[in-house]
Amino acid sequence: MVTEKPVETMNKNQDKTTGLYKIAAKILKKVKTGSSYKTQLYQAQYPNKLTLNAVLMNVFKWENVIDVLVEKSNLLEKENNMDRDLVYVLITEMMWSKFGLKGTAKNILAVKKYKDEFLQLMKENDLEKLTTSTDTKVLKPRFFRVNTLLTTIEKILEKLSELKFIKLKTPKSYAQFLELIKSDKFKGRNVFVQDIHIKELLIFNSKVKFYEIEEYNNGSLIVQDKASCLAAYLLNPELNSTVLDMCAAPGMKTSHLAAIMQNTGKLYAVDRSKERFYIMQNMLEKYGVQNVETFNMDALTFPYFDDVKYILLDPSCSGSGIVDRVRNDSSGQNQNFQIRLKKLANVHAQLLNHALKSYPNLERLVYSTCSANHEENEAVVDEALSINGKFKLLDCTKMVKGWTNKGAPGYDCSEMCLNAVPSVDCTNGFFISVFVRRDLEDNEVAEEENIEDNEVAEEEEYIEDIEDVKDERVVEDIEVDEEEEVVEEKKEKVFEHNEIVDKKVKIDKKPIISNTDKNVENTSQIKKNKKRKHNEVVKEEKVFEHNEIVDKKVKIDKKPIISNTDKNVENKSQIKKNKKRKHNEVVKEEKVFEHSEIVDKKVKKVKKSSITNTDKNLENKSQIIKNKNTVSTPLVKSKNAKRRERRQKLEKANKSCGLQTKKTKKQKKVKVEET
């Protein structure tokens, strides 16, 4: 009888755990051979990407220590059938994972036997010093870019307010901005701040998770590091322009370019990897990009589009600048990494030179990498500049206000490039350079010079305005003083005029002595005095009016004219016009004054010729009346007249003799004649 061995049923959790380790080992192997870490992570057939990423990050951290442990213990020689990358994953989980190494598979059990030996080796050789420091990870916040193709910044801010997030005020300077991100204020999970350079970028604490909110799932909020956003930000294509993204997958920067272009113009997205290309297509569709044409091909064989004006070149690189996967490969200890680094640098240089030579209407190109290695960054840029003399670099740090980290020293392009340093800028490590065509740049420089000249001219005008304002204030102060003096003078003149009027009133109101026989002689003298005083008052009034006119004329002549500057030409002409107008008014007043004097003289002559019933002409009037009476008397005298004459003669004779005469009255009998 043949007995069959019972089939061992494996626990689902153990199977799942073993699957996680195998997938992590597979990704680790592909990354070492040059594949993109992000692409492999996205394509991995494992649902929980966070757990898978955490396992791999732990392997990268302890990789140098594991090298020593494997070499000292001869584990790979003793266990012939074990995969090296899987051993690295299992050792990491056994020694430094919070949950430990789980499972009952043969490989797992084989590695567990070496735990005590590994702990002894760690103490004897002090191997913890070989770990890759991850302190910068604590300083690195989480960046979320608002996808303006699907929503607006205002709507996202309103949504965050509903979720009880507190928006901190964005500082004015970049240094203060970094201090805020590193301060205790930013440790809370419910606080965030808007980026100082890229307004659609929001920065949160590293512990914030948005995987459950709708805006993250529908593509309105995109997780994208600030350093990665700077590439499209510095390219800054115009609306309705033509842009080429030469190594576009997985599509983060492509979607940012489309947002800057507001879905206008043409956007060509090229990538040669089929897996990455399909991921890019799905992402661009999710993010609402409508002006893009995607091409699954090598950028070196991409047809030459004559209308391409802007190019973004962000090729696949070593990724040594990314904080979450910092490794010691770049130290030069790993020979395979150095070989791969040279290959990557050659590919980068080939792509960059092709882009600068093959597109005749190219105006601006941004070359960027997420690498911290100079071989992929400054060395490639220097080579491209030496071959392509039609292009030059723009100073990136001037384009991003307040940024201080430039390229690595020792290269010609160092001062013109931008480096993002994780420990300083709280982002991933990143390198950016901006190429621009020389002839266009010369025109731009000329325009900038014109703009600067205009700004200088405006500043000079502003300074002149300030000086003019000061002069005007001085003039106003002088005018105020003059006005005060004029007011005082007017008061004095009014006082003098009132005195003159009072004199005139007194003269007019002065009673005239009755024209009796007793005061005949005094009357003539009084009339003369009155006439003389009246003439004096009239002269004083005329002198007073004439002085006022002269004062006006002097003020107009003495009024200060503002300095003859370019800005004050209009003011000067206006002042001259006002001065001329006032002068004409004064001349008119003088003419009116002279004319009034002439009219007064004529009136006097007319009045003098005509006899009026005034005190002055009283004697003439009485004489005229006598003459009239004389003319009107008849030649034949009446009896009464004769009698009166005889009586007067008699009285005169008696007076001369000293006799008195008595007057007797005789009654007259009146006869009534009947008719």
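In which sense do strand 7 and strand 8 pair, and over how many bridges? I looked this up before anything else. The model is predicted.

**Strands 7 and 8**

I find strand 7 at residues 266-271 and strand 8 at residues 292-296. The two pair in the parallel sense, over 5 bridges. Next I followed the chain from strand 7 to strand 8. Helix 14, residues 274-286, belongs to the unit with both strands. I note a right-handed β-α-β unit.

**Helices 3 and 7**

I turned to helix 3 (residues 49-73) and helix 7 (residues 115-125). Their axes lie 10 Å apart, and the packing angle is about 110°. Helix 3 is therefore roughly perpendicular to helix 7, since angles of 65 to 115 degrees count as such. I record the crossing of helix 3 and helix 7 as right-handed. Then I listed the residues that meet. Helix 3 brings Trp62, Val65, Leu69, Lys72 and Ser73. Helix 7 brings Glu117, Phe118, Leu121, Met122 and Asn125.

**Leu393**

Is Leu393 buried or exposed? I first placed Leu393 in strand 11, residues 391-394. Its relative accessibility is 8%, so Leu393 counts as buried; the cut-off for buried is under 20%. I then looked up its contacts, leaving aside neighbours within four places in sequence. Leu393 is in contact with Val381, Leu385, Cys413, Met416, Cys417, Ser433, Val434 and Phe435. I took one of these, Cys417, for a distance check. Leu393 and Cys417 are 24 residues apart in sequence. From C-alpha to C-alpha, Leu393 and Cys417 are 8.1 Å apart in space.

How values were computed. Residues numbered from 1 in each chain as written. Predicted model: local features only at pLDDT ≥ 70, side-chain atom pairs only at ≥ 80, totals over all residues. Heavy atoms only, no water. Pairing = 2+ DSSP bridges. Helix = DSSP H or I, 4+ residues; strand = E, 2+ residues; numbered from the N terminus. Right-handed = clockwise from strand over helix to strand, strands pointing away. Buried < 20%, exposed > 50% of the residue type's maximum accessible area, 1.4 Å probe, protein only. Contact = heavy atoms within 4.5 Å. Axes fitted to C-alpha atoms, helices over the stretch in contact; angles between N-to-C directions. Parallel < 35°, antiparallel > 145°, perpendicular 65-115°, else oblique. Left-handed = near helix turned anticlockwise from the far one by under 90°.
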